[in-house]
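Here is a set of questions and answers for reading a protein model. Have the sequence and the 3D view open while you work through them.

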Amino acid sequence: MTVALVTGGGQGIGRGIALRLARDGHDIALVDVNEANMQSVAAEIRGIGRKETTFVADVSDRNAVFAAVNHVHETLGSLDVMVNNAGIAQVAPIADVRPADLQKIWAVNVDGVLWGIQAAAERFKSEGRKGKIINASSIAGHDGFAMLGVYSATKFAVRALTQAAAKEYAAYGITVNAYCPGVVGTDMWVTIDERFAELTGAAKGETYQKFVGGIALGRAQTPEDVAAFVSYLAGPDSDYMTGQAPLIDGGLLYR
């Protein structure tokens, strides 16, 4: 039986990933800062017929991430897939960014991924187990977006960590890849749209619709769209893939 840990698994893309991996046959460990959200998703996982466990942790805390991985091993017996999904967004002009802003988003989006890579790789190596590490990047990890400069920087950094970790851990049979979503209809994009409205005077919903209008497939992305690709990265068909960060955005950017 395989076990997948999903950080930020209590809502949005993380919830979609957790439910898809449960349907694929994985037992699921949820890590999030919101216990109530996790319990709701955990109930859905049990409804699918898979085992689950939850662990409250802030991924910016290295000790908490390692404790989460140890908890998963103790409760579900193993760890096979680590999905470093947790992340936050900030919308601000470059000129307005202050140290506290930078430290907050970097701690979650970059440090959190790094600690997840370290904790999972240590566990895989200690058990002599081939494992899969899957990190959340973004279209903003391929293009720097105006008003999302620091967010974009964090997602470029995730790509760099993904590539470096893939090279360092390949000899152990551990693969490291990332996924790069586009405009996903989640609470994060509601927040981004509202912040753009404050800064630019655009009507609420206008920025979101502007981005969606640039998608070739003609609709916003769903968490299930992202989860389908993560399912591939978590499964055996991706065993020969490592160090990559493909776009999964419906045709918004082209690389």
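Q: Which residues does glutamine 221 touch, not counting residues up to four places away in sequence?
A: This is a predicted model, in which local features need pLDDT of at least 70, side-chain atom pairs count only at pLDDT 80 or more, and totals for chains, interfaces and linings use all residues. Residues are numbered from 1 along each chain as its sequence is written, and side-chain values use heavy atoms, with hydrogens and water left out. Contact means heavy atoms within 4.5 Å. By that rule glutamine 221 touches Pro181, Gly182, Val183, Val184, Gly185, Val226, Ile248 and Asp249.

Q: Is glutamine 221 buried or exposed?
A: Glutamine 221 sits in the loop between α7 (206-213) and α8 (223-234); helices (H or I, at least four residues) and strands (E, at least two) are DSSP runs, numbered from the N terminus. Buried means under 20% relative accessible area, exposed over 50%, and partly exposed in between (1.4 Å probe, protein chains only). The relative accessible area of glutamine 221 is 7%, so the residue is buried.

Q: How many Å separate the backbone nitrogen of glycine 182 from a polar atom of the side chain of glutamine 221?
A: A polar contact is a pair of N or O atoms within 3.5 Å; within protein, one must be able to donate a hydrogen and the other to accept it, and residues adjacent in sequence count only if both atoms are side-chain atoms. Between the glycine 182 nitrogen and the glutamine 221 side chain, the distance is 2.8 Å.

Q: Which residues in α2 are buried?
A: Helix α2 covers residues 35-48, which is 14 residues. Seen down its axis, the buried residues fall within an arc of 110° (taken from the directions from the helix axis to the C-beta atoms), so they line one face of the helix. On the other side of α2, Ala36 and Gly47 are exposed. The buried ones are Met38, Val41, Ala42 and Ile45.

Q: Why can residues three or four places apart point the same way in an α-helix?
A: The answer lies in the repeat of the helix. Residues so placed point the same way because an α-helix has 3.6 residues a turn.

Q: What do the buried residues of α2 pack against?
A: The buried residues in question are Met38, Val41, Ala42 and Ile45. They pack against α1 (12-23), β2 (27-32) and β3 (52-56).

Q: Which residue caps the N-terminal end of α2?
A: A side-chain oxygen lies 3.1 Å from the backbone nitrogen of alanine 36. Just after α2, glycine 49 takes a positive phi of about 100°. The residue that caps the N-terminal end is asparagine 34.

Q: What span does helix α3 reach from its first C-alpha to its last?
A: Helix α3 runs over residues 62-76 and has 15 residues. The expected span of a helix is 1.5 Å times one less than its number of residues. For α3 the expected value is 21 Å, and the helix reaches close to that, at 21 Å.

Q: Which residue takes a positive phi just after α3?
A: At the start of α3, a side-chain oxygen of aspartate 61 reaches to within 3.0 Å of the backbone nitrogen of asparagine 63. Just after the helix, a positive phi of about 95° is taken by glycine 77.

Q: With which side chain does the side chain of aspartate 27 make a polar contact?
A: Aspartate 27 lies in strand β2 and is buried, with a relative accessible area of 5%. Beyond its neighbours within four places in sequence, its contacts include Met1, Thr2 and Leu76. The polar contact, at 3.1 Å, is with the side chain of arginine 50.

Q: Is methionine 147 buried, exposed or partly exposed?
A: Methionine 147 is placed in the loop between β5 (132-136) and α5. The residue has a positive phi of about 70° although it is not a glycine. At 25% relative accessibility, methionine 147 counts as partly exposed.

Q: What is the relative accessible area of glycine 9?
A: Glycine 9 is in the loop between β1 and α1. Among the residues it touches, not counting those up to four places away in sequence, are Leu30, Val31 and Val41. Glycine 9 is buried, with a relative accessible area of 0%.
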